[in-house]
Amino acid sequence: MLYSGYQAWNDMLAPARFGAQIALGVRDKLGPMADWAMPRRMFALMDVFQGAKLTHKRPAYDIHTVTSGNAEVSVREEITLDLPFGDLLHFVKDDVEAAQPKVLVVAPMSGHFSTLLRSTVATLLRDHDVYITDWKNARDVPLEAGRFGFDDYVDYVIRFFQQIGPGAHMVSVCQPCVPALAAVALMSEDKDQATPRSMTLMGGPIDPNAAPTVVNDLANEKPIEWFEENLISVVPFRYAGRGREVYPGFLQLSAFMSMNMERHGSQHRELYQLLADGKTVEADRIKTFYEEYFAVLDMTKEFYLETVDQVFQRTLLSKGALTVHGRPVNPGAIRHTALLTVEGEKDDVCAVGQTSAAHGLCTGLRPHLKRHHLQPGVGHYGVFSGSKWEKQVYPQVRNMILAMN
């Protein structure tokens with residue numbers, strides 16, 4: 001009933017949003033009158049209303065060119081491996097003659113599409129041959145594709161590295177740091193030729209108990225049965241994944257927004273005022289952010305519940321009790337993959353200490369293969385996007401990859 005109720009609400013608002021969109025299309029035909037104070041305020045209100053909606057399809061990465069070396073080179077997307085729940089997406093730079101280090105960006109599956117890491121990818125592309133785990137919306141995956149749980153996520157990461165081949169590097173952001181570390185541990189134990197040469201873990205919950213946040217408190221205040229009974233819903237008939245049990249992306253977004261509701265409200269008030277004042281450049285920055293932020297992805301029931309249970313409630317990795325398909329995960333088996341952990345000083349999602357806990361688990365790594373970077377003055381998103389990511393965090397990542405390449 002939960003998903004059906006959400007869909008009914010969206011259907012009810014659709015005509016009003018369509019009307020606002022039509023009205024905005026008339027704006028350019030009004031000529032100088034559109035710049036009068038009253039019409040501008042009216043159109044600003046319609047613009048904010050029409051844009052404050054959730055979408056369920058992956059936005060475009062929109063990375064068409066990048067400065068690599070001293071040249072501006074074109075970038076095109078190529079699906080290297082197409083699997084039911086996610087693609088291995090390659091950002092190909094045809095005009096680069098010299099081979100560059102291959103990097104797999106392991107993106108979160110936490111209610112948003114992998115395009116949330118657009119700026120991360122764009123920065124890495126300056127000096128690297130970049131791939132990304134491009135996750136699909138579970139509501140669009142037919143039931144015949146089977147289940148997708150925590151262990152399957154690990155399998156996908158391993159399969160993607162095997163597809164890329166030997167000599168690659170890994171950059172994992174946020175929630176997938178745990179399954180990504182597990183994948184490297186298993187590949188190391190198997191002496192897999194595709195084991196990455198370095199792994200960068202950024203703002204991830206390797207040990208949530210090291211510095212609990214509101215996210216950890218929310219995950220632990222109810223038993224796992226409560227999450228299954230209250231947060232899992234069935235995909236409606238109109239979608240390809242009809243009948244699949246999922247944790248809807250709109251619920252995850254609601255949880256994220258509730259943590260900073262005052263800030264989001266303030267941002268939308270500012271957006272209205274900027275539009276009403278005719279400051280379209282400044283307004284577009286806010287609109288672009290929320291177009292991405294409001295694009296939501298459903299997670300399979302099993303992946304969501306297993307992540308809450310194993311990563312946040314029982315914290316199995318930090319206790320040495322995590323298994324994948326019944327096989328123990330031993331980070332101590334990692335001996336040749338260098339480790340870089342990155343944390344943000346003001347991160348209220350994965351606080352300082354949660355990610356750096358990986359160093360204590362990777363006992364097989366010699367000291368010179370371990371590095372940690374604490375970035376002052378940034379929260380969670382500042383670790384992998386924004387000016388400090390580009391100017392201060394990225395050089396650390398680039399240097400680690402260069403050293404191990």
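Buried area is the accessible area (1.4 Å probe) that two parts lose on being put together, summed over both. I began from this term, as the size of an interface is often given in that way.

**Entry 1: the model.** I noted that this is a predicted model, in which local features need pLDDT of at least 70 and side-chain atom pairs count only at pLDDT 80 or more, while totals for chains, interfaces and linings use all residues. Residues are numbered from 1 along each chain as its sequence is written, and side-chain values use heavy atoms, with hydrogens and water left out.

**Entry 2: the domains.** I looked up the division of the protein chain and found domain 1 (1-53 + 249-294) and domain 2 (65-218 + 299-404); such bounds come from an automatic or database domain assignment. Their centres, taken over C-alpha atoms, are 33 Å apart. Domain 1 brings 10 residues to the contact and domain 2 brings 13 residues, where contact means heavy atoms within 4.5 Å.

**Entry 3: the buried area.** I recorded about 980 Å² buried between domain 1 and domain 2, with 57% of it on carbon and sulfur atoms.

**Entry 4: the salt bridge.** I found one salt bridge between the two domains, a term for a side-chain nitrogen of Lys or Arg within 4 Å of a carboxyl oxygen of Asp or Glu. Glu292 also forms a salt bridge with Arg118, and their closest N and O atoms lie 3.0 Å apart.

**Entry 5: the helices.** On the side of domain 1 that touches domain 2, I listed helix H1 (2-26), helix H8 (249-259) and helix H10 (280-293), each supplying at least two residues. Helices are DSSP runs (H or I, at least four residues), numbered from the N terminus. H8 gives the most to this side, with five residues.
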